[in-house]
Amino acid sequence: ETMEPEFVFMIANFTGLFGWALILLLLLSQSTTIFSTHTDVFFEMTDEASGRIPIIDQMLLLEIICFTEVGRIIMGQLRGNMILGLVLHLIRMACLLLVLPDGLTGEHDTNGFNNQKFLSVLILYSWSLTEVGRYPMYLFPNSKLARKVRMVLPLFTFPAGAAAEALGAYRVAREMVEIGVSGFYRPAYYYLVVGSLGMVVLINGVLGPTMAYPALLKKGLPMLLGKPERERGTKAD
């Protein structure tokens with residue numbers, strides 16, 4: 001017998017909640033490493049050749065779940081903003097692959113304080129807090145508290161995370177531009193990476209404050225202020 005789709009989605013939601021909660025716990029246990037040379041094994045590069053980092057591998061798996069939710073929006077199984085969800089998770093993928101690896105492994109130390117690592121950890125806090133606050137609404141769709149947390153929390157995590165993503169992407173892009181295309185074996189890779197980082201800066205720096213955040217305010221601010229809201233269906237991103 002095949003499992004019912006709703007049961008599969010419930011398992012996926014529990015997996016997402018547990019996975020992001022684990023990310024948050026790892027961050028809380030290692031926050032002081034931003035200011036020191038010590039790093040936890042989850043934040044260290046395990047294979048120099050592949051550049052794999054355990055915590056990034058875990059988040060890539062969690063992002064697969066997020067992309068399936070965007071797919072459900074496209075198919076009409078979930079209500080939500082398809083474009084916003086798709087752009088948000090593509091930005092996350094760009095940061096996971098291009099911004100966070102150097103930042104988390106501490107390769108940008110300056111005068112004892114790792115600015116790029118600070119930005120990377122801030123990004124991870126923003127993502128993990130947002131997701132830990134989002135999944136309970138899927139698991140308990142009739143809970144008013146779960147919905148309120150889902151709508152209010154991004155009012156604080158989104159601007160901090162978007163700013164850190166944009167600044168982190170800008171710093172990596174700036175270093176690549178300083179090296180120049182001649183410093184890379186494949187010019188196409190250079191242009192692809194710089195272009196992707198430039199899009200993160202553009203979207204987060206321009207479209208985020210003017211389009212995405214006002215949409216979040218429209219939904220979350222009334223709840224934050226305790227104003228009554230008309231009943232709506234469960235929404236995704």
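Visitor: Among contacts in the protein chain between residues at least 6 apart in sequence, what percentage join residues at least 24 apart?
Guide: This is a predicted model, in which local features need pLDDT of at least 70, side-chain atom pairs count only at pLDDT 80 or more, and totals for chains, interfaces and linings use all residues. Residues are numbered from 1 along each chain as its sequence is written, and side-chain values use heavy atoms, with hydrogens and water left out. Contact means heavy atoms within 4.5 Å. Among contacts between residues at least 6 apart in sequence, the share joining residues at least 24 apart is 71%.

Visitor: Which pattern does the protein chain follow along the sequence?
Guide: Helices (H or I, at least four residues) and strands (E, at least two) are DSSP runs, numbered from the N terminus. The chain has seven helices and two strands. Read along the sequence, the pattern is α-α-α-β-β-α-α-α-α.

Visitor: How do the axes of helix H3 and helix H6 lie: parallel, antiparallel, perpendicular or oblique?
Guide: Axes are lines fitted to C-alpha atoms, for helices over the stretch in contact, and angles run from 0 to 180 degrees between N-to-C directions. H3 (residues 82-104) and H6 (residues 154-179) pack at an angle of about 45°, with axes 11 Å apart. Angles under 35 degrees count as roughly parallel, over 145 as roughly antiparallel, 65 to 115 as roughly perpendicular and the rest as oblique. H3 is therefore, relative to H6, oblique.

Visitor: Which residues in H6 do Ile 91, Cys 95, Leu 98 and Val 99 in H3 meet?
Guide: The question concerns the contacts between these two helices. The four H3 residues Ile 91, Cys 95, Leu 98 and Val 99 meet, in H6, Glu 165, Gly 168, Ala 169 and Val 172.

Visitor: Is Tyr 190 buried or exposed?
Guide: Buried means under 20% relative accessible area, exposed over 50% and partly exposed in between (1.4 Å probe, protein chains only). Tyr 190 has a relative accessible area of 8%, so Tyr 190 is buried.
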